[in-house]
Amino acid sequence: MYSMSIHLTTRQNFSLLSAFAINSRMNKFIPRFLLLTLSLASLSSLVFTDETTPDFFSIIFQWPKAKCESKEGCCLPKKGKPVLNDFIISEFKPVYAQEGLVPENCTTTTKFQPSKIADLVPSLERYWPSLTCPRRDSKKLWKEEWVRYGSCAESVVDLHDYFAAALRIQKQINLLKLLGDAGIIPNGKYYPGEAINEAVRKAGLGDAAVTCREDEDGLYTILDQVILCATRLGNKFTCPGAFWICDSRNGNKVKFLKP
């Protein structure tokens, strides 16, 4: 039987839960993305107005090597030079905790215009690049993220503010240094999951959500993504609850790949 360790903590009467894609042939659960507990009824009943504001934002940090060495693989973007020896931004989502959801693809009249974020492009190319295959311009990724998530936060951020906030929290948290200060470095070795939890809590960030990718033994132990929280301005926010989606058969340890 396949065993997956999911450590879940909750506060403020809501939970951060995982959404899974199921590979029935392999009888395995593959972690895909972070969602808040929600029902179709609550999703369809929420009407966004100028008064509807997110409680905080969820930022997903990706360790590039984990993606590039997976079956999915990675391709460098057509423009820019992304950092591959540091955590990059994967997604930046508004969280509506009271409604219990992370909405997507909201109605918006604001079109994605690269000229509006021209001053941010050098940093975005480094820390929020597209690594999907086939290779493409990262601007396509940024457009997708604005339409999918940024559009649902227009009550508190405009196009420029959305991307600026994501870059600000990335710099403010400095996840690689945060973990390094706790002795957790990307050297291909295994680290106890609790050590990562403790490092994040010590930094005043609350509870981290972590996902792992499959290793050569078929275990989900490779550190892939770390999900933390931020304010709309891109400042630190204590995450109210989190979970781990990593394999428990190796003592809840995760492998931090060399860049």
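Visitor: Does Leu141 count as buried or exposed?
Guide: This is a predicted model, and the values here are computed from it. The relative accessibility of Leu141 is 10%. The cut-off for burial is under 20%, so Leu141 counts as buried.

Visitor: In which helix is Leu141 found?
Guide: The protein has seven helices and ten strands. Leu141 belongs to the helix that covers residues 138–148. That element is helix H4.

Visitor: How far apart in space are Leu141 and Ser90, C-alpha to C-alpha?
Guide: In sequence, Leu141 and Ser90 are 51 residues apart. In space, their C-alpha atoms are separated by 9.8 Å.

Visitor: Which residues is Leu141 in contact with, leaving aside its neighbours within four places in sequence?
Guide: A contact needs heavy atoms within 4.5 Å. With the neighbours within four places set aside, Leu141 is in contact with Trp128, Pro129, Ser130 and Arg136.

Visitor: Which residues touch the most other members of the largest nonpolar core?
Guide: This core holds 59 residues. Helix H5 (residues 159–173) gives the most to it, with nine residues. The members that touch the most others are Phe92, Trp128, Phe163 and Leu228.

Visitor: What does Phe163 contact, leaving aside its neighbours within four places in sequence?
Guide: Phe163 is one of the residues that touch the most other members of the largest core. Beyond the neighbours within four places, Phe163 is in contact with Phe112, Ile117, Leu120, Leu124, Trp128, Trp142 and Trp146.

Visitor: How many residues are in the second, separate core?
Guide: This core includes Ala209, Ile227, Ala242 and Ile245. Its number of residues is six.

Visitor: How many aromatic pairs does the structure hold, and what kind is the pair of Trp63 and Phe256?
Guide: The structure holds eleven aromatic pairs. The ring centres of Trp63 and Phe256 are 4.8 Å apart, with the planes at 65°. Planes over 60 degrees apart count as edge-to-face, so the pair of Trp63 and Phe256 is edge-to-face.

Visitor: How many residues apart in sequence are the parts that Trp63 and Phe256 tie together?
Guide: Trp63 lies in the loop between strand E4 (56–62) and helix H2 (64–68), while Phe256 lies in strand E10 (residues 253–256). Trp63 is buried at 0% relative accessibility, and Phe256 is buried with a relative accessible area of 1%. The pair therefore ties together parts whose separation in residues is 193.

Visitor: What kind of pair do the rings of Tyr162 and Phe163 form?
Guide: Both residues, Tyr162 and Phe163, are buried. Their ring centres are 4.9 Å apart and their planes are at 80°, so the pair is edge-to-face.

Visitor: With which side chain does the side chain of Asp224 make a polar contact?
Guide: Asp224 lies in strand E8 (residues 220–230) and is buried, with a relative accessible area of 5%. Leaving aside neighbours within four places in sequence, its contacts include Phe61, Trp63, Lys67 and Thr211. The polar contact, at 2.9 Å, joins the side chain of Asp224 to that of Arg213.

Visitor: What share of the protein's residues counts as buried?
Guide: The protein exposes about 12600 Å², and carbon and sulfur atoms supply 51% of that area. Of the 259 residues, the share that counts as buried is 50%.

Terms used
Residues are numbered from 1 along each chain as its sequence is written. This is a predicted model: local features need pLDDT of at least 70, side-chain atom pairs count only at pLDDT 80 or more; totals for chains, interfaces and linings use all residues. Side-chain values use heavy atoms; hydrogens and water are left out. Helices (H or I, at least four residues) and strands (E, at least two) are DSSP runs, numbered from the N terminus. Buried means under 20% relative accessible area, exposed over 50%, partly exposed in between (1.4 Å probe, protein chains only). Accessible areas come from the Shrake-Rupley method with a 1.4 Å probe; for residues, only the protein chains shown count as cover. Rings of Phe, Tyr and Trp (its six-membered ring) pair if their centres lie within 6.5 Å; planes under 30 degrees apart count as stacked, over 60 as edge-to-face and the rest as tilted. A nonpolar core is a set of buried Ala, Val, Leu, Ile, Met, Phe, Trp, Tyr and Cys residues joined through side-chain atoms within 4.5 Å. A polar contact is a pair of N or O atoms within 3.5 Å; within protein, one must be able to donate a hydrogen and the other to accept it, and residues adjacent in sequence count only if both atoms are side-chain atoms.
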